[in-house]
Amino acid sequence: MADDTLVGKNLGEYEILSLLGRSPIANVYRGFHAGSNRTVAVKVLSRHLMEKKGFQERLEKEVKVIAQVQHPHIVPIYEVGQADGYPYIVMQYVGGGTIGNLFARYGKLSLAEIIPVIHQTAEGLDAAHKRGILHRYLKPSNILLDERGSAYISDFGIASIRETLNAISESGVTSGMGYAAPEEIKG
């Protein structure tokens with residue numbers, strides 16, 4: 001997995017500013033692209049993924065498909081690439097945290113707080129489904145919020161790529177999986 005030693009360095013055209021989050025296969029950083037004068041999120045995947053035959057090509061292909069789904073409640077993808085041996089995906093930076101963060105902080109949300117998030121998430125999922133794209137790994141940490149509380153679905157690309165990583169434990173459950181459909185767990 002990539003680590004926080006990237007903070008303060010450049011990855012391709014992106015200055016890595018801070019670590020936003022970690023997962024078993026990637027870290028997400030807040031970055032800056034001087035050419036567009038834009039703050040972005042840079043998902044840096046583990047270097048060992050590059051050793052898997054065809055990984056970079058599949059990553060690029062799947063991200064291109066997902067990037068075609070343009071919707072106000074889906075995080076837009078700007079670029080997919082590789083630099084210094086790290087595969088990465090650059091997307092819009094959404095700075096309000098995740099629904100998972102809110103659940104961890106407050107335990108629960110009121111109906112007035114959660115209904116707009118559910119509605120916006122459903123609209124985004126509906127747009128993706130109409131294009132034949134399933135998320136497969138939707139969970140509170142993949143629903144981002146902006147500073148006004150609007151919801152954005154993230155992590156479509158990694159969700160569909162996850163199946164190729166052979167990260168299944170002996171019990172048949174993907175390591176680090178906090179949420180899964182019962183039919184996925186049952187096989």
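**Figure 1. D155 and K43 form a salt bridge in this predicted model.** The closest N and O atoms of D155 and K43 are 2.9 Å apart (a salt bridge is a side-chain nitrogen of Lys or Arg within 4 Å of a carboxyl oxygen of Asp or Glu). The pair links distant parts of the chain, 112 residues apart. D155 is in the loop between β8 (151-153) and α4 (156-161), and K43 is in strand β4 (residues 38-45). Helices (H or I, at least four residues) and strands (E, at least two) are DSSP runs, numbered from the N terminus. D155 counts as buried because its relative accessibility is 13%; K43 also counts as buried, at 9%. Buried means under 20% relative accessible area, exposed over 50%, and partly exposed in between (1.4 Å probe, protein chains only).

Residues are numbered from 1 along each chain as its sequence is written, and side-chain values use heavy atoms, with hydrogens and water left out. As the model is predicted, local features need pLDDT of at least 70 and side-chain atom pairs count only at pLDDT 80 or more, whereas totals for chains, interfaces and linings use all residues.

**Figure 2. A salt bridge joins K130 and D126 within helix α3.** The N to O distance is 3.3 Å. Both residues belong to helix α3 (residues 111-130) and lie 4 residues apart, about one turn of the helix. K130 is exposed, with 67% relative accessibility, while D126 is partly exposed, at 38%.

**Figure 3. D146 and R148 meet through their side chains in a salt bridge.** Here the N to O distance is 3.2 Å. D146 counts as buried because its relative accessibility is 8%. R148 is exposed, with a relative accessible area of 68%. A search of the whole structure finds 3 salt bridges.

**Figure 4. The largest pocket has a volume of about 640 Å³.** Among the 31 residues that line this pocket, G21, V28, T98, S141 and L144 are the closest to its centre. Two or more lining residues come from each of β2 (14-22), β3 (26-33), β4, β6 (86-92) and α2 (99-106). On a 1 Å grid over the protein atoms alone, a pocket is an open set of points where a 1.4 Å probe fits, with protein on both sides within 12 Å along at least five of seven lines; lining residues have an atom within 4 Å of a point. Grid points are joined across faces, edges and corners, and the volume is the space filled by probe spheres set on the points.
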